[in-house]
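Please read it with the model open.

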Amino acid sequence: MAACLSRLHHISLHVSHVGNIANYLVSKLKFDLFAARHTDEVRQFAFRRGAAVFLVNERPPKSGLTLNGETRDLQDQPTDLYNNLHNNSDNGHPQGCLYDVETPYSVDTVCNVCFEVQDVERSFKTLLDQGCDLLVPPTVVQDSGGAVSYTVVKSIVGNVCHTLIDRTKYEGNFLPGFNDITNLSTGVADSDKSGTVSHFDHITYACPTNTTSQVMQWYDRCFGFKRFLLDSNEDEGEGFVLNGDGIGLRLTAMEYWKCGEAGMKFSFTDKKEPECKFVVAESLPGQGSNQLDTFLTQHGGPGIQHIGLYTDDIVSTAHAMAEAGVQFFSPPPAYYTEVKRQEIEAAGQRPERLAQHGILLDTDMRHDARDQTAENRYLLQLFTKHVFEEETFFLELIERRGASGFGEGNIRALWKAVQANMEKEKEAEAKNSLDAKSGHL
Ligand SMILES: O=C(O)C(=O)Cc1ccc(O)cc1
């Protein structure tokens with residue numbers, strides 16, 4: 001039996017200095033800082049835009065395991081390493097990170113997807129029965145707003161953990177132990193911000209070659225995740241494979257079944273909540289080094305490579321973010337004048353408008369017999385450059401106009417833009433070192 005999830009609560013990051021990412025989230029992505037917790041050991045900050053919540057944990061300077069850039073296998077962090085990092089004080093309450101464990105990777109990383117559950121104790125037992133590594137046993141934390149219980153399970157993917165939390169008896173703003181922050185928010189209501197970000201659309205894992213099926217099995221067994229086909233060309237067994245012309249990538253996606261919707265006896269809500277999909281990306285050999293390999297090397301192993309933020313107006317959202325200094329990847333100009341012009345116009349969009357910020361468009365070719373009218377389903381995507389110093393995380397804006405998967409054209413365009421950028425950076429580095437050398441002569 002699998003543990004029963006009710007909804008995604010937040011995604012947490014572990015960084016060495018909170019300042020840069022806080023500035024990125026607030027000034028550039030227009031998230032509001034709404035809750036914080038400081039102890040002698042740790043600083044934790046919660047940021048929100050719509051239903052998307054990031055919890056940023058600042059790593060204490062002494063912790064972290066240097067991996068010297070070596071790539072590790074799918075799951076090779078011994079559990080006792082996490083346990084040593086999760087100090088308990090005399091009263092049993094963690095002194096370090098609440099609602100999480102410190103990550104053994106030394107780089108800045110996004111590594112915990114926290115879900116709400118109905119019954120933490122039962123989830124804990126179910127996952128123990130499934131042979132999972134439980135890093136924090138059921139723990140209760142309370143303050144004047146009520147009590148919350150949680151447990152933390154290590155996933156099969158690198159440093160990714162899942163905190164399972166029951167906050168049904170809590171009435172505070174975020175979680176017990178956190179102080180509300182109102183005066184440091186952007187001061188602008190979500191509805192008044194230019195563009196919208198309403199929720200997390202998907203979370204993409206970067207994994208080594210030939211590990212996707214292990215990941216899929218783990219999530220099915222432990223959480224009841226189910227396969228979700230991304231494209232009409234996708235083979236059930238193989239996944240969505242893009243191989244050739246400089247790209248070697250296998251994508252396989254899963255969605256989770258909320259308890260209420262999976263025919264369980266309780267239903268948490270009648271309101272349809274936005275879905276967040278999980279995408280497993282593995283690189284295929286033979287097409288040269290790529291962004292997945294770069295991630296695995298710089299991150300020190302598998303993990304969360306990027307997150308898609310859903311917007312219902314990608315042009316305005318991208319415009320506001322670009323004005324605030326967010327850097328995005330752009331395809332070559334020919335994308336808008338030749339390659340995709342007709343397709344963009346057929347979708348009712350203006351190529352010049354999309355070209356302004358590098359927004360990509362892919363039409364969904366899937367034919368759904370039940371839905372004769374939906375001829376023009378498409379999605380719009382835009383990818384940021386890496387958010388941290390190392391290439392261990394980026395974000396994406398995504399607007400879905402009836403398309404629920406991903407398009408091959410957008411992925412190829414992104415792949416090429418990243419490759420071109422890598423080459424440009426290499427050239428600049430080579431030029432800098434040449435300049436430095438000639439300066440010494
Ligand atoms: O398009 C998306 O958002 C995906 O998640 C697919 C994807 C996965 C990995 C990459 O390095 C690039 C694209």
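The points below take the ligand shell and then the charged pairs.

1. Basis. This is a predicted model, in which local features need pLDDT of at least 70 and side-chain atom pairs count only at pLDDT 80 or more, while totals for chains, interfaces and linings use all residues. Residues are numbered from 1 along each chain as its sequence is written, and side-chain values use heavy atoms, with hydrogens and water left out.

2. Ligand shell. The ligand is surrounded by 14 residues, and the closest are His202, Thr204, Gln291, Gln305 and Glu396. By type, the shell holds seven nonpolar residues, six polar and one charged. Ala, Val, Leu, Ile, Met, Phe, Trp, Tyr, Cys and Pro count as nonpolar, Asp, Glu, Lys and Arg as charged, and the others, Gly among them, as polar.

3. Atoms facing the ligand. Glutamate 396 has a polar side-chain atom 2.5 Å from a ligand oxygen atom. For glutamine 381, a polar side-chain atom lies 3.1 Å from an oxygen atom of the ligand. Histidine 306 likewise places a polar side-chain atom 3.1 Å from a ligand oxygen atom. The ligand taken alone exposes 340 Å², and the protein buries 100% of that (Shrake-Rupley method, 1.4 Å probe).

4. Elements around the ligand. Strand S10 (199-207), strand S15 (303-310), strand S17 (378-383) and helix H10 (408-440) each give two or more residues to the shell. H10 gives the most, with three residues. Helices (H or I, at least four residues) and strands (E, at least two) are DSSP runs, numbered from the N terminus.

5. Salt bridges. The whole structure has 16 salt bridges, each a side-chain nitrogen of Lys or Arg within 4 Å of a carboxyl oxygen of Asp or Glu. Arginine 250 pairs with glutamate 282, with the closest N and O atoms 3.3 Å apart. Arginine 250 lies in strand S13 (residues 247-255) and glutamate 282 in strand S14 (residues 277-283), so the pair ties together parts 32 residues apart in sequence. Both residues are buried (under 20% relative accessible area; exposed is over 50%, partly exposed in between; 1.4 Å probe, protein chains only). Glu238, Arg250 and Glu282 are linked in a salt-bridge network.

6. Two further pairs. Glutamate 234 and arginine 227 form a salt bridge (2.5 Å, N to O); glutamate 234 is buried at 9% relative accessibility, whereas arginine 227 is partly exposed at 28%. Within helix H10, glutamate 408 and arginine 412 are four residues apart, about one turn, and their side chains meet in a salt bridge (3.1 Å, N to O).

How values were computed:
A residue is near a molecule or strand if one of its heavy atoms lies within 4 Å of it. A polar contact is a pair of N or O atoms within 3.5 Å; within protein, one must be able to donate a hydrogen and the other to accept it, and residues adjacent in sequence count only if both atoms are side-chain atoms.
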